[in-house]
Amino acid sequence: ITGTSLTATSGYASNTGGGVVAVIVGGTTISLPNEQNLSADITANAANTVFTVAPAGRYYISYHINLTAGLLVSSRILINGTPPASSIIAPVASLANFNNSFIVTLPAGSTIQLQLFGLLGAATLLGGSVGAALNIIRLS
């Protein structure tokens with residue numbers, strides 16, 4: 001098979017160190033500093049909270065958030081500062097685990113962030129395992 005592999009644009013980043021996320025109603029971005037495996041065209045900012053995807057295309061995005069205790073908090077992805085509805089998990093009862101995936105078309109230079117929102121309080125990520133993770137894979 002010849003040609004360019006589109007899935008060569010892909011990335012994974014996680015938070016395995018745990019820690020407390022001070023959640024505010026408007027949203028708090030989760031840092032993903034551990035076990036990063038990012039292709040050259042996906043970069044992270046210094047805080048590991050904003051991931052910039054250079055090429056435009058259709059992308060499969062998934063995330064996982066694992067808390068030490070259930071909370072009535074919501075999760076979402078922000079793309080260029082706006083959350084696609086398909087990325088939001090807004091439970092009516094407390095959850096400790098959030099898992100979501102969706103396909104979206106991204107313009108060149110898009111930014112992606114993982115957030116908890118909707119609660120004023122503290123959420124504790126699991127430590128020593130995946131407390132939070134983000135996957136980004138270009139499909140076309």
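This is a predicted model: local features need pLDDT of at least 70, side-chain atom pairs count only at pLDDT 80 or more; totals for chains, interfaces and linings use all residues.
Strands here are DSSP runs of E, at least two residues long, numbered from the N terminus. On that basis, Arg76 is in strand β7, residues 74–79.

Arg76 is buried, yet it has no salt bridge. The nearest side chain of opposite charge is Glu35, and that is 25 Å away. What do the polar atoms of the Arg76 side chain have around them, then? One of them lies 2.7 Å from the backbone oxygen of Gly26. There is also a polar contact of 2.8 Å between the side chains of Arg76 and Gln115. Now the contacts. Leave out residues up to four places away in sequence. Arg76 then touches Gly26, Gly27, Tyr63, Pro83, Ser87, Ile88, Gln113, Leu114, Gln115 and Phe117.

Next, Thr9. Thr9 lies in the segment before β1. Buried or exposed? Thr9 counts as buried, because its relative accessibility is 5% and the limit is under 20%. Its side chain makes a polar contact of 2.7 Å with the side chain of Asp41. Along the chain, Thr9 and Ile42 are 33 residues apart, but their C-alpha atoms are separated by 7.3 Å. Beyond four places in sequence, Thr9 touches Ser39, Asp41, Ile42, Pro55, Tyr59, Ile136, Ile137 and Arg138.

Ser39 is on that list, and it is our next stop. Ser39 sits in the loop between β3, residues 34–38, and β4. At 16% relative accessibility, Ser39 is buried. A polar atom of the Ser39 side chain lies 3.4 Å from the backbone oxygen of Ala8. With residues up to four places away set aside, Ser39 touches Ala8, Thr9 and Ser10.

On to Ala123. Ala123 is in strand β10, residues 121–138. Its relative accessible area is 0%, so Ala123 is buried. What packs around Ala123? Neighbours within four places aside, Ala123 is in contact with Gly19, Val20, Val21, Val23, Leu67, Leu71 and Leu116. Thr68 is worth a look too. Ala123 and Thr68 are 55 residues apart in sequence, and 8.0 Å apart in space, C-alpha to C-alpha.

Now the surface. Ile24, Val25 and Leu120 make a nonpolar surface patch of about 320 Å². Take Ile24. Ile24 lies in the loop between β1, residues 10–23, and β2, residues 28–29. At 44% relative accessibility, Ile24 is partly exposed.

Last, backbone angles. Most residues other than glycine have a negative phi. Which way does Asn48 go? Phi of Asn48 is near 60°, a positive value in a residue other than glycine. Asn48 is in the loop between β4, residues 42–44, and β5, residues 51–53. Asn48 is buried, at 16% relative accessibility. Asn80 also goes positive, with phi near 55°. Asn80 is in the loop between β7 and β8, and β8 spans residues 95–106. Asn80 is partly exposed, because its relative accessibility is 40% and that class runs between the 20% and 50% limits.

To wrap up on the opening residue: Arg76 is buried without a salt bridge, with Gln115 in side-chain polar contact at 2.8 Å.

Definitions and conventions:
Residues are numbered from 1 along each chain as its sequence is written. Side-chain values use heavy atoms; hydrogens and water are left out. Helices (H or I, at least four residues) and strands (E, at least two) are DSSP runs, numbered from the N terminus. Buried means under 20% relative accessible area, exposed over 50%, partly exposed in between (1.4 Å probe, protein chains only). Contact means heavy atoms within 4.5 Å. Patches are made of residues with over 30% relative accessible area and no salt bridge: like charges are joined within 9 Å, nonpolar side chains (Val, Leu, Ile, Met, Phe, Trp, Tyr) within 5 Å. Accessible areas come from the Shrake-Rupley method with a 1.4 Å probe; for residues, only the protein chains shown count as cover. A salt bridge is a side-chain nitrogen of Lys or Arg within 4 Å of a carboxyl oxygen of Asp or Glu. Lys and Arg count as positive and Asp and Glu as negative; His and the chain ends are not counted. A polar contact is a pair of N or O atoms within 3.5 Å; within protein, one must be able to donate a hydrogen and the other to accept it, and residues adjacent in sequence count only if both atoms are side-chain atoms.
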